[in-house]
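This report goes through the structure shown below.

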There are 2 protein chains.
Amino acid sequence: MADLRGGDLSRLRQLNSLTAIRAMRGAGPLTLSALAERTGLSRPSMKEVADELMELGWVEEVPPSPGSMGRPARRYRFRADSGYLVGVDIGGYNIRAALSDLDGVILAETRQPVQLDATLEERLAAIQRAVSGCLALSRTAIEDVWTIAFGTIGVIDVEGRVVYSAAVPAWRDLDLAGKLREIFPCQVLIENDSRLAAMAEHRRGAARGAKDVVFLHVGRRMGAGLIIGGKVHRGFGAASGEIAMLPEARWFDAPDHLNTCASVPEGTPPEDAAGYTLAAARNGDPVALEAVGRYIDDLVVGTAAMVLLLDPEVVVLGGGFSRSADVLLGPLRERLERRCMRMPEVRASTLGDECVVTGAIDYAVDHLDDQLFTPDRGPLPVTR
Amino acid sequence: MADLRGGDLSRLRQLNSLTAIRAMRGAGPLTLSALAERTGLSRPSMKEVADELMELGWVEEVPPSPGSMGRPARRYRFRADSGYLVGVDIGGYNIRAALSDLDGVILAETRQPVQLDATLEERLAAIQRAVSGCLALSRTAIEDVWTIAFGTIGVIDVEGRVVYSAAVPAWRDLDLAGKLREIFPCQVLIENDSRLAAMAEHRRGAARGAKDVVFLHVGRRMGAGLIIGGKVHRGFGAASGEIAMLPEARWFDAPDHLNTCASVPEGTPPEDAAGYTLAAARNGDPVALEAVGRYIDDLVVGTAAMVLLLDPEVVVLGGGFSRSADVLLGPLRERLERRCMRMPEVRASTLGDECVVTGAIDYAVDHLDDQLFTPDRGPLPVTR
């Protein structure tokens, strides 16, 4: 067999450390024997790896389980609380923030309303308030936050600049990453909101375990996020999912059918009109039902384009309107069936309004994993 | 460091063998020192691996290079000729076949014309003639062919059954894989033709090195193939790429603009009409140019849907009409630019009519690699 040279040796040692962290992440405290079994390492090697990881601050020993018999076995766990992650959903009307540990377990959440046409300063201030609220709720100092991941409406390029934003005037031609890095002293990530929502539904929601997923981000605005081969598909210039920009896909104006329905009483605030129509349809109002039908007639065109092109396993109806999935799913399935080669499963989002902020946390966790688990990225950093 | 146990040892030995085969594939004869350098193994380990692979029939020693000074060094090469692969393009009007070695180097090609409405027996007979022609040209016995990969029009499910075939009546509801396995005594693979064409352009043609590619398979019929993350995207039920089935994408009838152009002289066979229009447009015929414009107006709708959704790096114009890329690319780029968020590169196919048959060979090579390089798939088979 091949001899292992010096470089191979230290690389193998590092791979063992990462394998050990992976085995501990998201699991409870594990004994050395349990860890050795999960990693395939011998017990003495595992002990060496665990000692090294403790020294670096990634792992800690926890007291033996109470009531255990005989000589208590050492137990180790990943220090998910050695740092924190924040996810932020920058929506048109709401800023949501969530704070999690390094395993992505959410510890606090806040929401700040904002006007669609707020100035840049007002929007940035609302973002700061949302994040500060999360920190206060969880009694966390901003210095202990490693990464803030933002999900935003609009098309953002790979450098974090806003390339296109029809809905939010303050966003136009903005170096959003630059602005946010001025405000927050940690690592700042930015991603399209629909892609983050797709990621969250795939990781924790309605599309868990599916390889190829089309996520419909439908509400007052329309978007789409794709999971392909188990991964979020960004596209070459981070501009994927913009099917709503094709007039023939009939997505852009689709919500107007719900907004302008004759069943909506005069004086209803415009942002509540669609919700009113959907509620009326649930109660059997024939005018509202017809409006919902016309909405689905449009929604199905862009949806069928994506399904015919990608042949996904699952289509998830998410975003604000997914609260009315009971009204929407039936007609959507029925029309999609008539237009598709192979009918995918059509499911309602399980994360609802939390999909983007949850996806932002998942994105930050992934980014941490990338930093940890990329081969040849050098030795593990010290956490304290 | 971790101790390597018995199972690890034999697995490491196998990984070394596969690493060595990978280093030799597609390369010329290599000395032990060159192989040791490429694989990272020590020279004695490399010698052991090479001896084992020779015994299994995967590798052979070649005579020292003529005129080399001193004691001639042993040289080894992958026995790409220890078996053969065949690729077949089952088109509407032509059956093409190609024969290659295990590295995918094409050694012979043939073509058999066939009627679109030929009976099943006629089609299968044409396929047999095309394959036999290839074998005769390269003096290869069918027993030495390991795998035949077929690319076909129509939607084929994961079991190789035809789910949908509007153009070829003989294909309808056919267990195509079953039929072909009755005829050919080797491994039979079936894949959609547009996906194979996309694979070939990505592997050897206009889209080499690109991660995300939209391949337009345009000619008398319309199809699309996607490369996502460097891999062909099949979809959950192997039904991806069927954007032409969406009426709003305006692909299905698009070629009619070229087929029914007033510039085409009476009596032109219908299968030559589009070619005539494209040639007339190249010569500046205003009526033909207008027909091309209307064709591109339609073509761009489905194309924009795919580009907006996937944000690919490259769009390749392939298929029969790609011979007229000089006439088509300009107007296509111009219209696509107006409709896209981020304009991809738009290139003409470099493989032309050979794209599907070449992709079928590439697919067979990949399948061989999968069999060889899948971890834990057991020891290497003996080739002779």
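The sections below describe a predicted model.

## Domains of chain A

Chain A is split into three parts: domain 1 covers 6-78, domain 2 covers 82-197 + 356-372, and domain 3 covers 209-350. Between the C-alpha centres of domain 1 and domain 3 of chain A the separation is 47 Å.

## Interface between chains A and B

In the contact between the two chains, 48 residues of chain B meet 49 residues of chain A. The size of an interface is often expressed as the accessible area lost when the parts come together. Here about 4000 Å² is buried between chain B and chain A, and carbon and sulfur atoms supply 66% of that area.

Four salt bridges are counted between chain B and chain A. A salt bridge joins the side chains of B:Arg250 and A:Glu248, with an N to O distance of 3.7 Å.

## Salt bridges within chain A

Side chains of opposite charge can pair when their charged atoms come close. Over all chains, the count is 48 salt bridges. A:Asp81 pairs with A:Arg77, with the closest N and O atoms 3.6 Å apart. A:Asp81 is partly exposed at 37% relative accessible area, and A:Arg77 is also partly exposed, at 23%. Both residues belong to a salt-bridge network that links A:Glu60, A:Arg77, A:Arg79 and A:Asp81.

A:Asp366 forms a salt bridge with A:Arg203, and the closest N and O atoms are 2.9 Å apart. This pair links distant parts of the chain, 163 residues apart: A:Asp366 is in helix H11 (residues 355-373) of chain A and A:Arg203 is in helix H6 of chain A. A:Asp366 has a relative accessible area of 23% and is therefore partly exposed; A:Arg203, at 35%, is partly exposed as well. A further bridge joins A:Asp353 and A:Arg323, whose closest N and O atoms are 3.6 Å apart. Its partners are 30 residues apart, with A:Asp353 in the loop between strand S15 (345-348) and H11 of chain A, and A:Arg323 in the loop between strand S14 (314-318) and helix H10 (325-339) of chain A. A:Asp353 is partly exposed at 28%, whereas A:Arg323 is exposed at 62%.

## Surface patch and a buried arginine

A:Val163, A:Tyr164 and A:Phe252 make up a nonpolar surface patch with about 280 Å² of accessible area together. A:Val163 lies in strand S9 (residues 162-164) of chain A. Its relative accessible area is 41%, so A:Val163 counts as partly exposed.

A:Arg195 sits in helix H6 (residues 193-204) of chain A. With a relative accessibility of 2%, A:Arg195 is buried. Leaving aside residues up to four places away in sequence, A:Arg195 touches A:Gly225, A:Val232, A:His233, A:Arg234, A:Ala238, A:Ala239 and A:Ser240.

## Positive phi in chain B

Most residues other than glycine have a negative phi. B:Ala238 is not a glycine, yet it has a positive phi of about 60°. B:Ala238 is placed in the loop between strand S13 (231-232) and helix H7 (256-259) of chain B. At 3% relative accessibility, B:Ala238 is buried.

B:Asp311, also not a glycine, has a positive phi of about 50°. B:Asp311 is located in the loop between helix H9 (286-310) and strand S14 (314-318) of chain B. Its relative accessible area is 1%, so B:Asp311 counts as buried.

Conventions. Residues are numbered from 1 along each chain as its sequence is written. Chains are lettered from A and ligands numbered from 1 in the order in which they are written. This is a predicted model: local features need pLDDT of at least 70, side-chain atom pairs count only at pLDDT 80 or more; totals for chains, interfaces and linings use all residues. Side-chain values use heavy atoms; hydrogens and water are left out. Domain bounds come from an automatic or database domain assignment. Patches are made of residues with over 30% relative accessible area and no salt bridge: like charges are joined within 9 Å, nonpolar side chains (Val, Leu, Ile, Met, Phe, Trp, Tyr) within 5 Å. Accessible areas come from the Shrake-Rupley method with a 1.4 Å probe; for residues, only the protein chains shown count as cover. Helices (H or I, at least four residues) and strands (E, at least two) are DSSP runs, numbered from the N terminus. Buried means under 20% relative accessible area, exposed over 50%, partly exposed in between (1.4 Å probe, protein chains only). Contact means heavy atoms within 4.5 Å. Buried area is the accessible area (1.4 Å probe) that two parts lose on being put together, summed over both.
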